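Hi,

Here's the structure I promised to pass along.

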Amino acid sequence: MSDDRGAKQKTEMVPLPSDSIIPERDLGKMTVLETRHLGIDFGGLTALEDFNLAVGPTEISGLIGPNGAGKTTVFNLLTKVYQPSRGAILLNSRDTCALNTVQVCKAGIARTFQNIRLFSDLSVEDNVKIGLHNQIPYGIWTGIFRLPGYWKYERQAHERAMELLSIFGMANMANSQAGSLPYGAQRRLEIVRALATGPSILLLDEPAAGMNPSETTELMENIVKVRDTFRIAVLLIEHDMNLVMGICEGLCVLNFGKIIAKGTPSHIQNNPKVIEAYLGKQKEEGLAC
């Protein structure tokens, strides 16, 4: 892609040996995330099987499929909420097998949730500061006794939190209670808090859930802004096809825990298996853009 600053500009996607595709601009660079034959069983039930995906370091990628297809299970595996039954997850070429949830966050994966999970009684700024925990440079005694290192970090944390909030036009809300914000602002705050951890890839689980069309349009602009400003990858789960087709460069479609299609949005929306399993007759009604 010669200019990746706009949400609607076309991106040339190129194949990888792993049967995945990444944006042409990321070719020759290390993939930020790669899964190899990933799978998980719950008792005798296979929830995910042979899941292979690669995400370029500046790619906006989508994971779609019907309810119950295994999408959030993938996110829980990537963030080590679940440990895989088989397969490997590589983050910046590092195998995350031995990492727990906290360690994989420090290694570069941040996420939001389908149901907003803010600290509602805390201020907007304090919510962002919590996301900065990965950068805390002092120990427990420095914090308890309020030594100079504590005050130095607190000053830096305030400046960084305000910087992140300013990028999303939320600096004037810094002292507001997070739970009192409008729905769309709470969604933005959750993304800002995730970005505060310093990720190399951001996972968004149904970020447009509950949003009206104008809020969804603003969200699309913010997702592209995240990619362009922070130069990171974004992997999102979403049912809003206008959003998915509008900003995603590569798509992976799940059904019953298995990948049924991978490709560009134009390829996916014309794939008969996808139309049958996910879009159904909605394509004829103009839902697949």
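First, the ground rules. This is a predicted model, so to speak of local features I needed pLDDT of at least 70, side-chain atom pairs count only at pLDDT 80 or more, and totals for chains, interfaces and linings use all residues. Residues are numbered from 1 along each chain as its sequence is written, and side-chain values use heavy atoms, with hydrogens and water left out.

Strand β11 covers residues 250–255 (strands are DSSP E runs of at least two residues, helices H or I runs of at least four, numbered from the N terminus). Six of its six residues are buried, so β11 is largely enclosed by the rest of the structure; buried is under 20% relative accessible area with a 1.4 Å probe, protein chains only. G250, C252 and L254 cover one face, while L251, V253 and N255 cover the other.

As for its neighbours, β11 runs parallel to β5 (residues 60–64), with four bridges (pairing takes at least two DSSP bridges). L63 partners C252 there. On to β12 (residues 258–263): that pairing is antiparallel, over five bridges, with L251 opposite G263. The β11–β12 hairpin has two residues between its strands, and F256 in the turn has a positive phi of about 55 degrees.

Elsewhere, an open antiparallel sheet of four strands runs β4-β3-β6-β7. β4 (45–55) and β7 (94–95) each have a single partner strand, so one side of each lacks a neighbour in the sheet.

Cheers

Key. Buried means under 20% relative accessible area, exposed over 50%, partly exposed in between (1.4 Å probe, protein chains only).
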